Amino acid sequence: MIIVMKLEATQADINNVEKELTNFGFDTHLIKGTNRLVIGAVGNPSLRENMPLERMAGVEKIVPIMKPFKLAGREMQPDNTVVEVKGIKIGGKEPVVVAGPCAVESREQLLEAAVGVKEAGASIIRGGAFKPRTSPYSFQGMEEEGLKILKEASELTGLPVVTEIIDERSTDLAKEYVDILQVGARNMQNFQLLKIVGQTGKPVILKRGMSATINEWLMAAEYVMSQGNYNIILCERGIRTFETATRNTLDLSAIPVVQSLSHLPIIADPSHASGSWKLVTPLARGAIACGAHGVMVEVHPNPKQALCDGRQSLSLENFKEMMQSLATIK
Ligand code: PEP
Ligand code: MN
């Protein structure tokens, strides 16, 4: 439920309401909107009958939340969340572009990609150091060595960096080196991992599971938020359908649907959605035209030699062209 506080509510009123909720076993979450403060209370609603909330000083009204995702939903927070990382705003008016290789393969490769995508206008650099691969025999990532290189790329360019984490150990390591943690499609319903990521307090890019409904995806966000971490960026990366012409099917309709249900920012990943570098620019244009807060694309200085996802990676030249093409969409 949501406890809407009166405009004139004092800090003491807020503290008292929070204390009362905690005593009855609710988790509380303070949300400051543009002109008023609300307290989100998540817990067993049947306990509510015995609570004198309406009579407490400073309380204007109590509103039940109908959706299963409480903290991620618009009911709790009507204003869009803007996640800010090193001065870059995700969820505001300007779309952001996250770019870089699928995996960190070497210092030279990552730094060349990082400098190149920055020059072309990217705002955030990506690079996988822990790769969840379909085959155990495929390249699994450079792990901590890769994280060090990502940190160097961030220092060199001044841009934030994101990397995927796959378990508790990689989360503990990555949180010391990077600005944003990514939960991949394969781990979207790894609830234990979602809680661990929530506890880090770091911004999170949460990819949609390849067979996840929008409801399941928002419940995954709810797991992270239940740990007090509200800095989540959702990422639509294509879902499994009967179509085989593309690697996945980019669900563009998810963008406005999520925006109607949730206040969280949403970006799209046309690289994993399509599996083909030639489709990346048209799909990125489509996502921005649909209102996405940004795109995440794979870029490699030499896609033919990439250790993973070369077929869907843009060269630096292709990336420049994509950026020019995106600039014409408003
Ligand atoms: C990735 O971004 O490198 C990745 C593995 O993506 P996904 O989890 O969407 O497959
Ligand atoms: Mn990839």
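## About the model

This is a predicted model, in which local features need pLDDT of at least 70 and side-chain atom pairs count only at pLDDT 80 or more, while totals for chains, interfaces and linings use all residues. Residues are numbered from 1 along each chain as its sequence is written, chains are lettered from A and ligands numbered from 1 in the order in which they are written, and side-chain values use heavy atoms, leaving out hydrogens and water.

## Helices H6 and H7

Helix H6 covers residues 214–225 and helix H7 residues 254–261; they pack at about 50°, with axes 11 Å apart. Helices here are DSSP runs of H or I with at least four residues, numbered from the N terminus. Axes are lines fitted to C-alpha atoms over the stretch in contact, and angles run from 0 to 180 degrees between N-to-C directions. Angles under 35 degrees count as roughly parallel, over 145 as roughly antiparallel, 65 to 115 as roughly perpendicular and the rest as oblique.

From H6, Ile214, Trp217 and Leu218 meet Ala254, Val257, Val258 and Leu261 of H7, where contact means heavy atoms within 4.5 Å. By class, this contact has seven nonpolar, no polar and no charged residues.

## Helices H2 and H3

Now to another pair. Helix H2 (residues 107–119) packs against helix H3 (residues 143–157) at about 30°, and their axes are 10 Å apart. H2 brings Arg107, Leu110, Leu111, Ala114, Val115 and Lys118 to the contact, and H3 brings Ile149, Leu150, Glu152, Ala153, Leu156 and Thr157. These residues divide into eight nonpolar, one polar and three charged.

## Helices H9 and H10

The axes of H9 (residues 277–289) and H10 (residues 316–326) come within 10 Å and cross at roughly 25°. That angle makes H9 roughly parallel to H10. On the H9 side the contact includes Trp277 and Ile288, and on the H10 side Met322 and Leu326. Its residues are six nonpolar, three polar and one charged.

## Around ligand 1

Finally, meet the ligand. Among the residues surrounding ligand 1 are Cys102, Arg126, Glu164, Lys207, His272 and Glu298, each with a heavy atom within 4 Å of it.

For Lys131, a side-chain N or O atom is 2.9 Å from a ligand oxygen. Gln182 has a polar side-chain atom 3.0 Å from one, and Ala185 has a backbone N or O atom 2.8 Å from one.

Methods:
Helix = DSSP H or I, 4+ residues; strand = E, 2+ residues; numbered from the N terminus. Nonpolar A, V, L, I, M, F, W, Y, C, P; charged D, E, K, R; others polar. Polar contact = N/O pair within 3.5 Å; in protein donor to acceptor, adjacent residues only side chain to side chain.
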